[in-house]
Amino acid sequence: MSFRFTGTRRPRSPYRRVGFAGIDSPFNENPLVFQRSQLHMPSIFSKIIAREIPARILYEDDQVIAFLDINPIAPGHTLVVPKHEEPNLLASSEEDMIAVIRAVRLVAPAILKAVGAEGFTTTSATGAVSGQSVFHTHIHIIPRFPNDGHLSWQPTTMSAEALDEVSAKIKNYL
């Protein structure tokens, strides 16, 4: 038995195409390319923005909010979040990402002074495989201290040929 929509327009998908493979599905081979519609449940960050749950808000303007992480890696660990909810930075608008970076540049020096850190790491996970657990674009500001044990990654080496191959593949998609 087949289903046929008999209305005046086809049912709207809860997912919008972002431009990868032209597929309008949450089951796209690349799970990072879809954006959630307004029909989804708000993220915990949207609830903070709406003041439905408490947070230690450090900064806010019309486009972004910055607040302390409730599970910090270090004192002063802060999240900078655009108010417009999208699942990750690939789905967020350029305007929102510029506003986020402006806020990072404003908030980070204050964090460094307040906690006495010598530097900071910024990071943004995209996709569950990278450790993203809240699917609302955000950037972490993590204050760093000498010998804090939080090395971001272990560097590896690649041959010149392997680097050339990866470089060519990436450029092919740009």
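Colleague: How much space lies in the largest pocket?

Modeller: This is a predicted model, and what follows should be read with that in mind. Rolling a probe the size of a water molecule over the atoms shows where empty space is left. For the largest pocket, that space comes to about 420 Å³.

Colleague: Which residues are the closest to the centre of the largest pocket?

Modeller: The lining of the largest pocket is made up of 22 residues. H1 and S4 each supply at least two residues of that lining. The residues closest to the centre are Phe45, Asp69, Leu79, Ser133 and Val134.

Colleague: Which element gives the largest share of the lining of the largest pocket?

Modeller: Phe45, one of the residues closest to the centre of the pocket, sits in helix H1, which covers residues 44–49. The largest share of the lining, 3 residues, comes from H1.

Colleague: What kind of aromatic pair do Phe45 and Phe67 form?

Modeller: The structure holds 1 aromatic pair. Phe45 and Phe67 form this pair, with 5.5 Å from centre to centre and 65 degrees between the planes. Because planes over 60 degrees apart count as edge-to-face, the pair formed by Phe45 and Phe67 is edge-to-face.

Colleague: How many residues apart are Phe45 and Phe67, the two members of that pair?

Modeller: Both Phe45 and Phe67 are buried, that is, under 20% relative accessible area. Phe45 belongs to helix H1 and Phe67 to strand S4, residues 64–68, and the pair links distant parts of the chain.

Colleague: In what pattern do the helices and strands follow one another along the sequence?

Modeller: The protein has 3 helices and 7 strands, and of its 174 residues 33% count as buried.

Colleague: Which residues are linked in a network of salt bridges?

Modeller: A search of the whole structure finds 4 salt bridges. In one of them Arg51 pairs with Glu60, with the closest N and O atoms 2.5 Å apart, and in another the side chains of Lys83 and Glu60 meet at 2.8 Å, N to O. Glu60 takes part in both the bridge to Arg51 and the bridge to Lys83, and the residues linked in the network are Arg51, Glu60 and Lys83.

Colleague: How many residues apart in sequence are the parts that Lys83 and Glu60 tie together?

Modeller: At 25% relative accessibility Lys83 counts as partly exposed, and Glu60 at 30% counts as partly exposed as well. Lys83 lies in the loop between strand S5 (78–82) and helix H2 (94–115), whereas Glu60 is in strand S3, so the pair ties together parts whose separation in sequence is 23 residues.

Colleague: What is the phi of Arg51?

Modeller: Arg51 is found in the loop between H1 and strand S3 (57–60), and with a relative accessible area of 48% Arg51 is partly exposed. Most residues other than glycine have a negative phi. Arg51 has a positive value in a residue other than glycine, with phi near 65 degrees.

Colleague: Is Asn147 buried or exposed?

Modeller: Asn147 lies in the loop between S7 and H3, and although Asn147 is not a glycine, its phi is positive, about 55 degrees. Its relative accessible area is 82%; because the cut-off for this class is over 50%, Asn147 counts as exposed.

Colleague: Which residue forms a salt bridge with Asp148?

Modeller: Asp148 is partly exposed, at a relative accessible area of 22%. In its salt bridge, the closest N and O atoms are 2.9 Å apart, and the partner is Arg144.

Colleague: How much accessible area does the nonpolar patch on the surface have?

Modeller: The patch is formed by Met158, Leu163, Val166, Ile170 and Leu174. Met158 is placed in the loop between strand S7 (139–144) and helix H3 (160–173), and Met158 is partly exposed, with a relative accessible area of 45%. Together, the residues of the patch have an accessible area of about 530 Å².

Colleague: How far apart in space are Pro75 and Ile142, C-alpha to C-alpha?

Modeller: Pro75 is found in the loop between S4 and S5, and at 54% relative accessibility Pro75 counts as exposed. In sequence, Pro75 and Ile142 are 67 residues apart, while in space the C-alpha to C-alpha distance is 8.2 Å.

Methods
Residues numbered from 1 in each chain as written. Predicted model: local features only at pLDDT ≥ 70, side-chain atom pairs only at ≥ 80, totals over all residues. Heavy atoms only, no water. Patch = residues over 30% accessible without salt bridge, like charges linked within 9 Å, V, L, I, M, F, W, Y side chains within 5 Å. Areas by Shrake-Rupley, 256 points an atom, 1.4 Å probe, with all protein chains shown as cover. Helix = DSSP H or I, 4+ residues; strand = E, 2+ residues; numbered from the N terminus. Buried < 20%, exposed > 50% of the residue type's maximum accessible area, 1.4 Å probe, protein only. Phe/Tyr/Trp six-rings, centres within 6.5 Å; stacked < 30°, edge-to-face > 60°. 1 Å grid on protein atoms, 1.4 Å probe; cavity = no way out; pocket = protein on both sides within 12 Å on 5 of 7 lines; lining within 4 Å. Points joined across faces, edges and corners; volume = space filled by probe spheres on them.
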